[in-house]
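Look at the sequence and the structure first, then read on.

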Amino acid sequence: KAVAQILLLACALSVGCAHDFSSYPFKATLNTAENGGLYELYWNFDNVKETISFAVRVNATGWVGLGLSPNGQMPNSDVVIGWVTDGGETVFHDRFASDRAPPTIDEQQDWILEGGEEENGLTILEFSRKYVTCDDYDLPITAETARVIWSFHATTDPTSEVLTFADIHSHKGALSLNLLGGLPDAAPDPQDLDFYDVTVNNIIIPDDDTTYWCAAFKLPENIRNQTRYVTKFSPVVTEGNEAHVHHLLVYVCDSINDTHLGNGGVCEDGVPEAVAACRNGVIIAAWAVGGETFVYPNNVAYPFGGEDFPQYLVMELHYDNPGLKQGTVDSSGMRLRYTSTPREHAAGTIIFGHAVSKDHVIPPNAKNFTTTVVMPEDCTRNFIPDEGIHVFGNILHTHVVGHGLAVQHFRYNPECGVYEELEPIDRNLKYDFNYQQINHLQRDVIIKPGDIVQLKCFYGTEGVQGVTFGGEATREEMCFSFLYYYPRIDLKYSITKIEDSELRNYLKSLPSGEQIVNGDVIDYSKLDTIDWNEGEIQRFQETVDKSSQQLYCGGDDKDAIFKTMKFPEIGCSYIAPDQCTTEATEGGVVLRASVALLLLLSLLAATLG
């Protein structure tokens, strides 16, 4: 540790530490000095050119490695390794690892070295590549969660470009990152940027597995008296409590008063009903475990404050305490950064998902059980203006058995008389519960009145004991998408769930149905007595997919839509073009379009014509 501190002190005086990283707006610390050596990753990307640039800064004089992995492990990973020789030459190669063995140099070098240097115990490498390289040994860089792996040897360079087990790392690790989820061209902070912290004050986290804590706040006078514009927000998590603070939600509330202010209590029964009811209000800021600062686009802000804006906020904190630890003091919350300068568009948030209830049933032993949620055409037609809304960001949310989510987009085609699927609004089939970030979409998506939006959540419950139910606890499940958009409209929620009678009828059809359902009452504890074999899981999946759904869609209750509906019929699925061949994929199935076949069909059409 003393050596690390000496190196870092020397670094502060060195050319290496003075290296200019200002062209890289994003940064992640992959390893700390306390854990054997500082490893910092910097990056930037260009969605037009579809290229990404990296820089690594590592407290090492040996070799340095960085890679992309399918699952955070070495096999089948896409890797670069570089070092600076004693003579000052930078050696750098694009490699691949087919197993737990030294990675092999790739014949197609797609990772391009931009620069390298070594000074006072630090190695700095800069390199870039295209999102998609069309190399079988490279992994594509997408908007989904990337499993970044890293390694280095603190002191030793390889003796040859062909690595052997003698060149094994001294340090290694893995981290989930959304490499393309940030805002690369964010405007500089305005000179009048100020902040308002919405935080609890030295509360004791309850010694329960899961706690939802609610606290009410009154906006300060300078915000109550003049409209301000939130341009970014970030979590303020008490040091040492990172494992306990699972998510933070800040709601606007107009139904409480000064008597409700204070540190609050458990949302369910520890605060006045008026405070708990604010959780049905408009969300001004949201954060979940693993996330960082969210920055609004340069022409968008969230207006709050002023005479016509509610004076109160309510914050919900989800504490996760599976070890039932006692006496943990917490002062976490959210920091809202704002300016007095208006922006062109006012942002809003739509909470889109499955109702949080035990009717959200996920059987055990399932590889990919799917929950589907729909924002139907009459919902969008009733609330969205003719010019549409622009969705610019999104956060996807399930709990621990969720492994993927997709937000699909459908529009009616009058020529065909069917709804056609457009490019997905958002998709993350590599979801990591411990890394949930609000992501900027690579381009705005316009939802028009009459469009259909569909959310699919995918769950894996192999090895899970018993049925997983919907609920607030970490070991229960959710299925949500929080859509960030402009201009703000009066659409706060679109929530669906299976119609009650459909679930009861399915359960009654089982051999043990009479024990599970008594009249209209379901004994959910008895669902674990069902033989959840592959066939039964499939039958339940088909039942859920074909069942009627109960919908709530709206903002103020007077304008809300409450109805029972079926999932809409979709005429054409979206076909994603393959950038490397003439192939396209539909639902994961490869559709091969042979150039020769296309020529043959053209000749045939000409002959028949």
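How many disulfides does the structure hold? The structure holds five, where a disulfide is a pair of cysteine sulfur atoms within 2.5 Å. The model is predicted, so local features need pLDDT of at least 70 and side-chain atom pairs count only at pLDDT 80 or more, while totals for chains, interfaces and linings use all residues. Residues are numbered from 1 along each chain as its sequence is written, and side-chain values use heavy atoms, with hydrogens and water left out.

**C214 and C267**

- The sulfur atoms of C214 and C267 are 2.0 Å apart and form a disulfide.
- This link of C214 and C267 is right-handed, with 100° about the S-S bond.
- The pair links distant parts of the chain, 53 residues apart: C214 is in strand 14 (residues 210-218), and C267 is in the loop between strand 17 (265-266) and helix 3 (273-277).
- Helices (H or I, at least four residues) and strands (E, at least two) are DSSP runs, numbered from the N terminus.
- C214 counts as buried because its relative accessibility is 0%, and C267 counts as buried at 2%.
- Buried means under 20% relative accessible area, exposed over 50%, and partly exposed in between (1.4 Å probe, protein chains only).

**C253 and C278**

- C253 and C278 form a disulfide with their sulfur atoms 1.8 Å apart.
- The link of C253 and C278 is left-handed, with -40° about the S-S bond.
- Distant parts of the chain, 25 residues apart, are linked by this pair: C253 is in strand 16 (residues 245-253), and C278 is in the loop between helix 3 and strand 18 (283-288).
- C253 is buried at 3% relative accessibility, and C278 is buried with a relative accessible area of 2%.

**C457 and C479**

- A disulfide joins C457 to C479, with an S to S distance of 2.0 Å.
- The torsion about the S-S bond of C457 and C479 is about 85°, so this disulfide is right-handed.
- C457 lies in strand 33 (residues 452-459) and C479 in the loop between strand 34 (468-469) and strand 35 (480-486), so the pair ties together parts that are 22 residues apart in sequence.
- C457 counts as buried at 0% relative accessibility, and C479 counts as buried at 1%.

**Cysteines in no disulfide**

- C416 is in no disulfide, and the nearest cysteine sulfur, that of C572, is 5.8 Å away.
- C416 is partly exposed, with a relative accessible area of 48%.
- C572 is in no disulfide, and C572 is partly exposed, with a relative accessible area of 32%.
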